[in-house]
Amino acid sequence: MNKIIFRLISIFFLNPGYYNVKGQTEITKWQDGKTGAVSITYDDGSINQFRYALPVMKRLKLPATFYIITGPIPGSKYQGKFIGRPVVDIINETATVSTNAVNYFERASAAKYLGYIGADAFYDSSANFYEDGKEVQAYKVMDELYSKVRNGSLAKGTELSMEVAGEKGLTWDSIKVYASEGYEFASHTITHAHMAVLDTANMFYELEKSKEDIKDHLGEIYTFTAEIPFGIEHPRAMKYALPEYPALRNLITDSCMQEINRGYKTQPGSSDKEYVQWQRGGTTKTPLSLMKSWVDTTLAHDNIWLVLVFHGIDGLGYEALSHELLDTYFQYIKKHENNLWVANFSEVVKYMRERMHASIKTDKTGNRIIVHLHHSLDTSTYNIPLTLKTYVPEKWKKVEVKQDNYKGQLKTQKDTKGNYILYRASPNNGAIELLPRSYAF
């Protein structure tokens, strides 16, 4: 009996595994210590995204971010319109003054509101030239449009772009239901305009009023991200759009990140940045095998955030894919969910920024580890829990984690550095206390 008592005393009081608490703590690069991250995003708000793709997402319990065009949705306060002088004055002026760098943005802004069928095609063509740095060609196309308006070559009437027409049937009431189920919604402007060719008054109208409608119908939380139409990174559009939203999908300028947009052929594996946002867009010409290889590449590294971009579904919208194809693809992503953090766009941005602006302090008191986690960002916006990895004594097999009103128990894991636990903690929300709850003898 005395030998047993002595043995217990030796374990609890003489064994350094109980009191030489390690406590080393780090914030994992991705939530829950995953290898990489994936965000599934949809552009344009096509009604088929919600009729056919969303049920697939729900069945597989996968999140998504939907960038919606707010103007056509019934109940929106702001619809598409031209902000400026009467368009007839602009039309008359084009008879004597050619389009140039001074007047181009006004004429491009008015082009969609001239009241003629066929104007959109000229507007799109001119904008594409401008965005590609071909200003002279852009001006010529704009002159051709206004010439046709003056000489009566175009029929009077209104037309809807493919993107706006495809959104018919979407309502704020249905969006609210989807949002309550955890799906993220964000602005894709009021009319899906070419932002780089709008004058400042019309650009701000598209940016600010779309944001206002989303805020009024869904709440401030849904104004964190946006996508400027056509996925452009044009400096003029970014100059005005970046200050409006904390995180544009088009361009994130954080120094810790390399961004590889949809049109880029750069491979993400060669980057030495802490994070790589790798955007890929599945089209009707993209083999399923290639789409799967994007997931495989993400899994082969530890710093890739794969941002998938989809548009049309089942015959409706740009480069429409079948929901059956997406079902197969999303099952492939789901199969790797143990190693991939699949999350809404905003959640990933917030996690990365919180981690990069966070500090950790660890105290050791008796057989307890006290972890202090803080970040320097605005906590009203940046409020995503971070995953901590804390190394604990080898003898600890179960650990109780307490923070604020939360309390739970976790089994320890092991790597080459020793015994550890992975747990989520809220920055700036009080100390995190770790206590042993069972031991290995």
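1. Threonine 94 sits in the loop between helix H3 (87-93) and H4. Its side chain comes within reach of the backbone oxygen of isoleucine 91, at 2.5 Å. Setting aside residues up to four places away in sequence, threonine 94 touches Arg107, Tyr146 and Arg150 (contact means heavy atoms within 4.5 Å).

2. A word on what you are looking at. This is a predicted model, in which local features need pLDDT of at least 70 and side-chain atom pairs count only at pLDDT 80 or more, while totals for chains, interfaces and linings use all residues. Residues are numbered from 1 along each chain as its sequence is written, and side-chain values use heavy atoms, leaving out hydrogens and water.

3. Now the whole protein. It has 13 helices and 18 strands (DSSP runs numbered from the N terminus, helices being H or I with at least four residues and strands E with at least two). The C-alpha trace spans about 110 × 45 × 40 Å along its principal axes. Of the 441 residues, 52% count as buried. Among contacts between residues at least 6 apart in sequence, 72% join residues at least 24 apart.

4. Next, the cores. The largest nonpolar core has 44 residues, and Ile40, Tyr42, Phe185, Phe310, Tyr329 and Phe330 have the most contacts inside it (such a core is a set of buried Ala, Val, Leu, Ile, Met, Phe, Trp, Tyr and Cys residues joined through side-chain atoms within 4.5 Å). Helix H2 (residues 47-60) gives the largest share of this core, seven residues. Apart from this core lies another, of 39 residues, including Met142, Val197, Leu198 and Tyr245.

5. Leaving aside neighbours within four places in sequence, isoleucine 40 is in contact with Met57, Leu62, Pro63, Ala64, Thr65, Leu308, Phe310, Phe330 and Ile333.

6. Finally, the lining of the largest cavity. Its residues include Lys81, Tyr123, Leu198 and Glu206 (on a 1 Å grid over the protein atoms alone, a cavity is a set of points where a 1.4 Å probe fits but cannot get out, and lining residues have an atom within 4 Å of a point). Helix H4 (104-111) and helix H9 (200-218) are the elements that each give two or more residues to this lining, and H9 provides the largest share, three residues.

Definitions and conventions:
1 Å grid on protein atoms, 1.4 Å probe; cavity = no way out; pocket = protein on both sides within 12 Å on 5 of 7 lines; lining within 4 Å. Buried < 20%, exposed > 50% of the residue type's maximum accessible area, 1.4 Å probe, protein only. Polar contact = N/O pair within 3.5 Å; in protein donor to acceptor, adjacent residues only side chain to side chain.
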